[in-house]
Amino acid sequence: MAGEGAFADPGAAIEIAAREYDDPDALLLVKALYGEQLDTYGFADSPESEIAADYTAPQGLLLVGYTSSGQPVGCGGYRTYDQTEHVAEVRKMYVQPDYRGMGLGRRILKQLERQATARGARKLILETGALNEAAIGLYVEVGYYPIPSYVPGRGSSNRAFAKELEAEG
């Protein structure tokens, strides 16, 4: 859990660590997200449809949040969307239901933003389900603004957002 790739937050009960997309803890959470999306919308992107290397530096990152007992309870990642335009896409944001409302999603998102910025991204884009009011509220609260859908065939089931990133330093 802790160690190389860990982003510990002193005083927080949840530790956030970088993981490979195909890590068992990451897959557990990504599959839970998939199941929840299927239940809510009747369709979802299969976890197997992802390219694991897209979530590996330098083109991406996947983070997993762990309880002090080592239980994986949240995840999120980004992958390069348009290298020429320095755009990355936030994907696989998920927090287990018992851990929602505690700020874990916000912490993961902020860490993804910092890491994407450090690796040259100047803009983040994402899509979330139109019925996911908590996620939409979080994205708007931290500076994301609505954009037209960029995923073909999603129609009204999703909402797309973007955020301009400022280079550090």
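In this predicted model, the residues of helix α1 that end up buried are A26, L29, V30 and L33. They sit on the same side of α1, because the arc they cover around the axis is only 100 degrees. What lies over these buried residues includes the strands β3, β4 and β5. Turn to the face pointing away from that buried side, and the exposed residues P24 and D39 show up.

At the start of α1, D23 brings a side-chain oxygen to within 2.8 Å of the backbone nitrogen of D25. At the other end comes G42, which follows α1 and has a positive phi, near 85 degrees.

Now for the nonpolar cores. The largest one holds 26 residues, and V90, L109, L112 and Y144 have the most contacts inside it. At least two residues of this core come from each of β3 (60–66), β4 (72–82), β5 (87–95), α2 (104–118), β6 (123–129) and α3 (133–141). The top contributor is α2, with 5 residues. As for L112, leaving aside residues up to four places away in sequence, its contacts are L61, L63, G76, G77, Y78, V90 and M93. There is also a second, separate core, made up of 12 residues, with V30, L33, L62 and C75 among them.

Methods: Residues numbered from 1 in each chain as written. Predicted model: local features only at pLDDT ≥ 70, side-chain atom pairs only at ≥ 80, totals over all residues. Heavy atoms only, no water. Core = buried A, V, L, I, M, F, W, Y, C linked by side-chain atoms within 4.5 Å. Buried < 20%, exposed > 50% of the residue type's maximum accessible area, 1.4 Å probe, protein only. Helix = DSSP H or I, 4+ residues; strand = E, 2+ residues; numbered from the N terminus. Contact = heavy atoms within 4.5 Å. Arc of directions from axis to C-beta. Polar contact = N/O pair within 3.5 Å; in protein donor to acceptor, adjacent residues only side chain to side chain.
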